[in-house]
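Here's a quick tour for anyone meeting this protein chain for the first time. Take a look at the model, then read on.

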Amino acid sequence: MSPPVAMFEERRSSEVDSAPLKSSFDVKSFPVRSSKSKTLDELADQWENGFTFAPIRESQVSRAMTRRYFNDLDNYAESDIVIVGAGSCGLSTAYMLGKARPDLKIAIIEASVSPGGGAWLGGQLFSAMVMRKPADAFLTDLGVPFDDEGDFVVVKHAALFTSTLLSKVLSFPNIKLFNATAVEDLITRQNSDGTLRIAGVVTNWTLVTMHHDDQSCMDPNTINAPIVVSTTGHDGPFGAFCVKRLVSMQQIEKLGGMRGLDMNTAEDAIVKRTREVVPGLVVGGMELSEVDGANRMGPTFGAMALSGVKAAEEVLKVFDERKKQNAY
């Protein structure tokens, strides 16, 4: 008789069951009361007249969180697209893909607890956000108001742009954000011609990733996907991770290194060069400056938004082909 491992028939990714996890315990083992919802008008001036929150048991809170999160981990273990980095470029990419292809499962991996990257403020901790035209088209699509200054526009607070974009992205039912989660490596596959393509990401809790050097081995998790979009920003603690990994895997010879600040050349270069750098890996935003040796742009954000728009277009150009290649 064959040993159990030899009897296991591996399923193709297209056959992977993404049905919700079933639990052996009854998540409603304690009575669930149906409390009538009230309006704010009904609550007004009633704080001393019998106000109280609806009752809850601590385990209900725990199960409400963990059940949904582990169901998401199960569902998105096989994703269609993984976006690494939830800054302005990554979120813009997700927004465009969510609108264009609601049928695709899109996972966003963000190392920080708070998504948005550096787009919560303008330059030098100032509030206003500047975008050069024609990036105002993206703001109009989002519904973010701005002051028109001729060749550029100004959003009164960068947080208005980022919170609006983040809210719209998270409202898509086919997009899941895994924040406080780091990408530690890339999943690779070898093509028949010997070339390499990217087929997903290796993940871990960010706090675990930060302590590999002072703790024992803590192995990661994985997400398979035919396309990975990397928008991790310029070099830093977690920045430019994917392209730096391409160098160590000898998929590109070396990084060009980000050059000095030149707004006029930098923004054009970032948008125009947003592309699939190696099969299965599309790179956008300031991470591209490290690949190509492009200039930095400083506190102007139009290229981040439009690089995200172009990244979504680049993904959809090759998605069907990469999905066929990723069927094993």
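Let's start in a loop: Pro134 is found between β3 (129–132) and α5 (136–142). Helices (H or I, at least four residues) and strands (E, at least two) are DSSP runs, numbered from the N terminus. A cis peptide bond joins Lys133 and Pro134, with omega at about 15°. Another loop, the one between α2 (40–43) and α3, holds Asp45. Asp45 isn't a glycine, yet its phi is positive, near 60°.

Before going further, a word on where this comes from. The model is predicted, with local features needing pLDDT of at least 70 and side-chain atom pairs counting only at pLDDT 80 or more, while totals for chains, interfaces and linings use all residues. Residues are numbered from 1 along each chain as its sequence is written, and side-chain values use heavy atoms, leaving out hydrogens and water.

**The sheets**

Strands of a sheet pair through backbone hydrogen bonds, either parallel or antiparallel. Here, two strands pair if DSSP finds at least two bridges between them. Two open sheets are set out below.

| Strands | Order | Pairing |
|---|---|---|
| 6 strands | β6-β2-β1-β10-β13-β12 | mixed |
| 3 strands | β3-β5-β4 | antiparallel |

In the 6-strand sheet, β6 (175–179) and β12 (275–278) are the edge strands, each pairing on one side only. The twist averages 25° from one strand to the next. (Axes are lines fitted to C-alpha atoms, for helices over the stretch in contact, and angles run from 0 to 180 degrees between N-to-C directions.) Helix α3 (residues 58–76) packs on this sheet, touching β2 (106–110) and β6, and its direction makes about 115° with that of β6. Contact here means heavy atoms within 4.5 Å. Further along, β10 (residues 227–230) and β13 (residues 281–283) run parallel over 3 bridges, and Val229 stands opposite Val282 in β13.

Over in the 3-strand sheet, the edges are β3 and β4 (147–148). β3 pairs with β5 (residues 152–155) in the antiparallel sense over 4 bridges, and Met131 has Val153 in β5 as its bridge partner.

**The largest pocket**

What is the volume of the largest pocket? It's about 1,000 Å³. A pocket, on a 1 Å grid over the protein atoms alone, is an open set of points where a 1.4 Å probe fits, with protein on both sides within 12 Å along at least five of seven lines; lining residues have an atom within 4 Å of a point. The volume is the space filled by probe spheres set on the points, and grid points are joined across faces, edges and corners.

Of the 45 lining residues, Gly117, Gly118, Thr232, Gly233 and His234 are the closest to the pocket's centre. α4 (88–100), β2, β7 (181–190) and α8 (241–248) each supply at least two lining residues, and β7 gives the most, with 4.

The unreviewed UniProt entry carries a "binding site" annotation covering residues that include Cys89, Glu110, Val183, Asp219 and Arg296; such annotations may be inferred rather than shown by experiment. From that set, the pocket lining takes in Cys89, Glu110, Val183 and Arg296, among others. Val183 sits in strand β7.
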